[in-house]
Amino acid sequence: MYSKNNAEVIGFLGNDPEVRYSPSGNGVANLRVATSERRKNKDGEYEDHTEWHAVVVLGKQVEHVAKLRKGAYILVEGRLQTRKWQDKEGADRYTTEIVANRVGFLEKKSATDADNEPGSEEDGF
């Protein structure tokens, strides 16, 4: 049987990346990425709904990701992973996050560029 664990998110960084290094020099970056959509509420009016995604970046990409800043428009590709951990009171907690295998900076084109070329984004990979 075939199974697949893929996640792709395009959104905005909610804060600067949190970057740490182990004593052996391995890097880990934690990101919070916001995606938004418009939904109709029960009164028929549109409301914005924001979903927050936890992202973990490992390895060589950490150096690249460390340069990003809050508000950056990014694409994240990876897999979903759920971790179990214990809080200060000893209660079990679970966190589901995207373990990134690719993070890219996306830049919106200016109105002039958009008129001359198809598409509305420039890939900053």
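These are my notebook entries on a predicted model of one protein.

**Ground rules.** I number residues from 1 along each chain as its sequence is written, and I leave hydrogens and water out, with side-chain values taken on heavy atoms. Because the model is predicted, local features need pLDDT of at least 70 and side-chain atom pairs count only at pLDDT 80 or more, while totals for chains, interfaces and linings use all residues.

**Confidence.** I looked up pLDDT (the predictor's confidence in each residue, from 0 to 100). The protein averages 88, and 86% of the residues score at least 70. Strand β1 (residues 7-13) has the highest confidence, at 97, and strand β7 (residues 121-123) the lowest, at a mean of 42. Over residues 113-125 the pLDDT is below 50. That stretch still has 21 contacts in the model beyond near neighbours in sequence; contact means heavy atoms within 4.5 Å.

**Fold.** I took helices (DSSP H or I, at least four residues) and strands (E, at least two) as DSSP runs, numbered from the N terminus. I get 2 helices and 7 strands. Their order from the N terminus is β-β-β-β-α-β-β-α-β. Among contacts with a separation of 6 or more, 51% join residues 24 or more positions apart.

I call a residue buried under 20% relative accessible area, exposed over 50% and partly exposed in between (1.4 Å probe, protein chains only). Of the 125 residues, 26% count as buried. Next I looked for nonpolar cores, meaning sets of buried Ala, Val, Leu, Ile, Met, Phe, Trp, Tyr and Cys residues joined through side-chain atoms within 4.5 Å. The largest has 17 residues, and L31, V33, V55, V57 and I74 have the most contacts inside it. β1, β3, β4, α1 (61-65), β5 (73-86) and β6 each give two or more residues to this core. I then listed the contacts of V57, leaving aside neighbours within four places in sequence. They are G27, V28, A29, L31, V62, V65, A100 and V103.

**Pocket.** I searched a 1 Å grid over the protein atoms alone; a pocket is an open set of points where a 1.4 Å probe fits, with protein on both sides within 12 Å along at least five of seven lines. Lining residues have an atom within 4 Å of a point. Points are joined across faces, edges and corners, and a volume is the space filled by probe spheres set on them. How much space lies in the largest pocket? About 190 Å³. Its lining is N15, D16, E18, N30, L31, R32, A54, V55, V56, R83, T95 and E97. By class I count 4 nonpolar, 3 polar and 5 charged; Ala, Val, Leu, Ile, Met, Phe, Trp, Tyr, Cys and Pro are nonpolar, Asp, Glu, Lys and Arg charged, and the others, Gly among them, polar.

**A54.** A54 lies in strand β4 and is one of the pocket-lining residues. Not counting residues up to four places away, A54 touches L31, R32, T96, E97 and I98. Its C-alpha is 8.8 Å from that of V99, 45 residues apart along the chain.

**N101.** This residue lies in strand β6. Is N101 buried or exposed? N101 is exposed, with a relative accessible area of 56%. Beyond four places in sequence, N101 is in contact with Q61, E77 and G78. The C-alpha atoms of N101 and L58 are separated by 8.1 Å.

**K67.** I found K67 in the loop between α1 and β5. K67 is exposed, at 68% relative accessible area. K67 and P17 are 50 residues apart in sequence and 8.3 Å apart, C-alpha to C-alpha.
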